Amino acid sequence: MPVTFQPAWDCPEPSRGIAEALIARGLASREGPDPGGLVLTCGPDGLALTAREGDQALSLHLDLVRGPQGYRLAHAGQAREDLIRALGRLPRGSTVLDASTGLGRDSLVLAARGYRVIALERHPILAALFSDALQRAARHPALESVLAHLDFHPADAGAWLAENDLLFDAAVFDPMFPPRRKDAAVKKEMQVLQRLLGVNADPDAPATLAALRRRVRRRVVVKRPLHAPHLGGQTPAHALRGRSIRFDIYLPV
Ligand SMILES: C[S@@+](CC[C@H](N)C(=O)[O-])C[C@H]1O[C@@H](n2cnc3c(N)ncnc32)[C@H](O)[C@@H]1O
């Protein structure tokens, strides 16, 4: 889906530069937006992706300090605990690969837990939004120790693993799941994400899971909607069920 860059006069650096780099790679344009299209806006708070839904404007702006991502650091509660439990309560300092950074919520939770996190995101627009959010968050002293644990790469997990001969203690994988009718109620930011990535966003997810299982010492945790089928029909060793999410746990091969 084409994305149009529309900066306001007060769009700061490096946000502007991050967007210009997308234009240079042909991944965004300065053309007038097509009416149903996505717009990459930029104001004093950096980059945001916006979409129109009828007369509503939906916006995705990543704020690792105050937004839902930042909030989770302090008040993450059950969802955070479930993810940590699914990982087997690894000791602090363990290495965890997040193969689907997306909005960065899980990556931040893992880094805040004291794991050394390599976070990968292959969609260039999402990677740009996350890089932008990271550079803003880096100015907040409270996040210094968390971000010191987080190493972000705008890359596809399969390609990155092929180039980096590394073994992790564990990996987390949360591929997009096709939206269902009742997902009309999904949060606005997820609606923008679905619009950006399309309905069949991660068809290679089973192959990514197979690649991850070859690069972990302990386990790969796959996040799925509670009643979703197993990824690619691969049966997990066990599963942990939350209120709406299931964590499927796969052992290394
Ligand atoms: C549902 S979102 C992940 C949300 C994320 N767990 C969070 O906490 O915000 C899925 C993301 O994974 C990314 N993704 C899927 N397969 C990937 C792969 N093989 N390599 C890198 N990113 C991938 C997609 O581009 C998408 O942004």
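Into which domains is the protein chain divided? The answer is domain 1 (3-60) and domain 2 (68-250), with bounds that come from an automatic or database domain assignment. This is a predicted model, in which local features need pLDDT of at least 70, side-chain atom pairs count only at pLDDT 80 or more, and totals for chains, interfaces and linings use all residues. Residues are numbered from 1 along each chain as its sequence is written.

**Domain contact**

- The C-alpha centres of domain 1 and domain 2 are 25 Å apart.
- Contact links 17 residues of domain 1 with 15 residues of domain 2. Two residues are in contact if their C-beta atoms, placed from the backbone, lie within 7 Å.
- On the side of domain 1 that touches domain 2, the elements giving two or more residues are helix H1 (15-24), S2, S3 and S4. Helices (H or I, at least four residues) and strands (E, at least two) are DSSP runs, numbered from the N terminus.
- S3 gives the most to that side, with five residues.
- By class, that side of domain 1 has 13 nonpolar, three polar and one charged residues. Ala, Val, Leu, Ile, Met, Phe, Trp, Tyr, Cys and Pro count as nonpolar; Asp, Glu, Lys and Arg count as charged; the others, Gly among them, count as polar.

- Strand S2 (residues 38-43) runs antiparallel to strand S3 (residues 46-53), and five bridges join them. Two strands pair if DSSP finds at least two bridges between them.
- Cys-42 has Leu-47 in S3 as its bridge partner.
- Ala-51 has Leu-58 in S4 as its bridge partner.
- S3 and S4 form a hairpin, again with two residues between them. In this turn, Gly-54 has a positive phi of about 60°.

**Leu-209**

- Helix H9 (residues 205-213) holds Leu-209.
- Leu-209 is buried because 23 other C-beta atoms lie within 10 Å. The cut-offs are 20 or more such atoms for buried, 12 or fewer for exposed, and partly exposed in between, with C-beta atoms placed from the backbone.
- Leaving aside neighbours within four places in sequence, the contacts of Leu-209 are Phe-173, Val-220, Val-222, Leu-231, Gly-232, Gln-234 and Tyr-250.
- Leu-209 and Ala-99 are 110 residues apart in sequence, with a C-alpha to C-alpha distance of 9.3 Å.
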